[in-house]
Every structure is written in structure tokens, then in C-alpha cells.
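Please look through the structure below before reading on.

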Amino acid sequence: MLLAQKAIRAFVPVRRDFVQRPPRVKDRKSVLAEFVKGRDVRALRAYLFIIAITSSGDDGWTTTLNSSVWARALHATETAEDDAARAAVTKILTRLQDRRLITYERVPGNHRIQVTLLREDGSGDSYTRPGRDNRDAYFKIPHEVWDDQLIHTLGLPALAMLLVLSCERPDVELPLERTPKWYGWSADTAERGLKELVKKGLADARKSSKVAPLAPKGYTLCNRYTLLPPYLHRRGSGASDPETKS
């Protein structure tokens with residue numbers, strides 16, 4: 001999408017805290033779980049888009065657009081006329097604000113809406129770009145997610161698991177039964193999402209065995225997943241992973 005391309009970067013940085021809280025925290029599920037459990041794919045797509053066009057910091061982590069432009073950018077016009085589409089944008093932005101991921105306000109005297117990013121963990125704290133004067137762990141979403149329209153064609157389970165795999169190392173083992181505890185949604189949802197990613201050629205899955213003395217055969221099989229180019233793992237951790245510009 002043209003607006004996303006204005007960020008001038010080959011990727012969009014997102015703190016890992018959006019997907020999963022740090023290991024030291026007992027309850028590791030984070031804000032992403034609220035989107036998944038609430039089946040709110042429209043708000044998730046909108047939030048990722050807002051990060052994409054705002055995280056360069058060119059205007060103080062704020063983007064201001066005409067409400068009709070917001071409606072087109074968030075694909076609200078595909079299912080509604082102009083007035084209804086603008087109302088849908090307000091509802092989406094309100095849900096994001098309620099999750100303390102953004103603040104928004106209408107600019108007096110015109111139809112422009114100003115949206116300001118907050119920190120990705122839902123704390124309501126002010127946003128700072130990960131990797132810029134901090135060492136916050138983050139992952140990278142390539143612009144192909146928007147350029148190839150994947151952001152609008154992937155189902156919610158697949159989009160959520162794409163974010164999960166983006167946080168992990170290649171060839172990661174993901175026991176589906178651990179998904180509720182680790183990420184906050186069901187094993188069935190995770191399985192559907194992973195299957196869609198593999199089917200669409202975004203990830204590779206392979207079976208591997210590991211020693212299990214109490215298992216009948218002395219071992220068990222597990223699934224390992226790796227994102228494929230151009231969605232290959234692009235993790236970052238602040239200053240140790242400097243940004244690259246396209």
C-alpha cells in the first residue's frame with residue numbers, strides 16, 4: 001500500500017511484548033490475544049497499518065488523515081458507503097484506544113482524524129520506536145505483507161501465527177497444547193493458522209523426533225516451523241540489530 005511505503009523502510013518494527021510478555025512474567029499472553037479471542041481481525045489489520053505508517057516518527061508518532069482516507073486505508077469502504085465507512089473507522093479506532101494501543105481525536109473544523117501510537121504492550125505508555133535508543137526486543141514485518149495484500153487475505157488465526165513465528169527463531173518447535181498458556185488462544189486456532197501459512201507458502205513445517213523415555217517408542221514427534229522468504233525471520237533487539245533502510 002502506498003501509505004505504508006511512505007515509511008521508506010523494508011520492514012515495520014513491532015515490540016515482541018505485543019505478541020507475548022517476557023519469560024519473567026507469569027501470565028505471558030499479551031495484547032494480541034485480545035484480538036484473537038475477540039475475533040477482531042479488522043482492528044488487528046488496522047493497528048498493524050497504523051504502526052506501518054507512523055513508526056518512522058516523522059510526525060511525533062502521529063498520523064493525521066482525512067476520515068475518508070482512513071476508511072479506504074482500513075478497507076472499510078469495501079462493505080459500506082461513505083458515511084457508514086467513516087463510522088466504521090471510528091468504531092475500529094475506539095477499540096484500539098480501549099486497548100490502550102493508540103489515542104485518536106478529530107481535528108476541529110474538518111474531517112481529519114489524528115491517531116497517535118502508544119506502546120505495543122497495552123500499558124498506555126508513550127510510544128518509542130524499538131531499536132532507537134533502547135534495547136527492547138522486537139520483530140520485523142516486511143512491507144510485502146501489505147504489498148502482496150496478505151494483510152487482507154490471511155485469516156485471523158494465520159495472521160496471529162505469522163506474528164508468533166516472526167518472534168521466534170527458525171525451525172522453532174511449537175507444541176500446540178502450550179498455545180493457550182503461551183499466547184492466550186486455543187490450540188485449534190493455532191493449528192488452523194499454521195496450516196494456512198504452510199498452504200500459502202509462507203512457512204515450512206517439518207516433523208522431528210525427541211527423546212521421551214516414558215513414551216512407548218522412547219521418543220515423540222513434534223512439529224517445527226520456519227518462515228520462508230520474504231517473510232523470513234527478521235528479529236531485532238535494539239542496538240545490537242541496527243535498522244536498514246530500503
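Glu 173 is buried, and Arg 224 is buried as well; buried means under 20% relative accessible area, exposed over 50%, and partly exposed in between (1.4 Å probe, protein chains only). This is a predicted model, in which local features need pLDDT of at least 70 and side-chain atom pairs count only at pLDDT 80 or more, while totals for chains, interfaces and linings use all residues. Residues are numbered from 1 along each chain as its sequence is written, and side-chain values use heavy atoms, with hydrogens and water left out.

Glu 173 and Arg 224 form a salt bridge, their closest N and O atoms being 3.8 Å apart. A salt bridge is a side-chain nitrogen of Lys or Arg within 4 Å of a carboxyl oxygen of Asp or Glu. Side chains of opposite charge can pair when their charged atoms come close. Because Glu 173 lies in strand 6 (residues 172–173) and Arg 224 in strand 8 (residues 219–227), the pair ties together parts that are 51 residues apart in sequence. Helices (H or I, at least four residues) and strands (E, at least two) are DSSP runs, numbered from the N terminus.

The structure holds 14 salt bridges. One of them joins the side chains of Arg 99 and Glu 34, at 3.6 Å from N to O. Arg 99 is in the loop between helix 5 and strand 3 (102–106) and Glu 34 is in helix 2 (residues 31–37), so this pair ties together parts 65 residues apart in sequence. Arg 99 is buried, with a relative accessible area of 15%, whereas Glu 34, at 41%, is partly exposed.

Asp 188 is partly exposed, with a relative accessible area of 43%, and Arg 192 is partly exposed at 44%. Elsewhere, salt bridges link Arg 15, Arg 119, Glu 120, Asp 121 and Asp 136 in a network.

The next topic is a histidine. His 75 is located in the loop between helix 4 (67–73) and helix 5 (82–98). With a relative accessible area of 17%, His 75 is buried.
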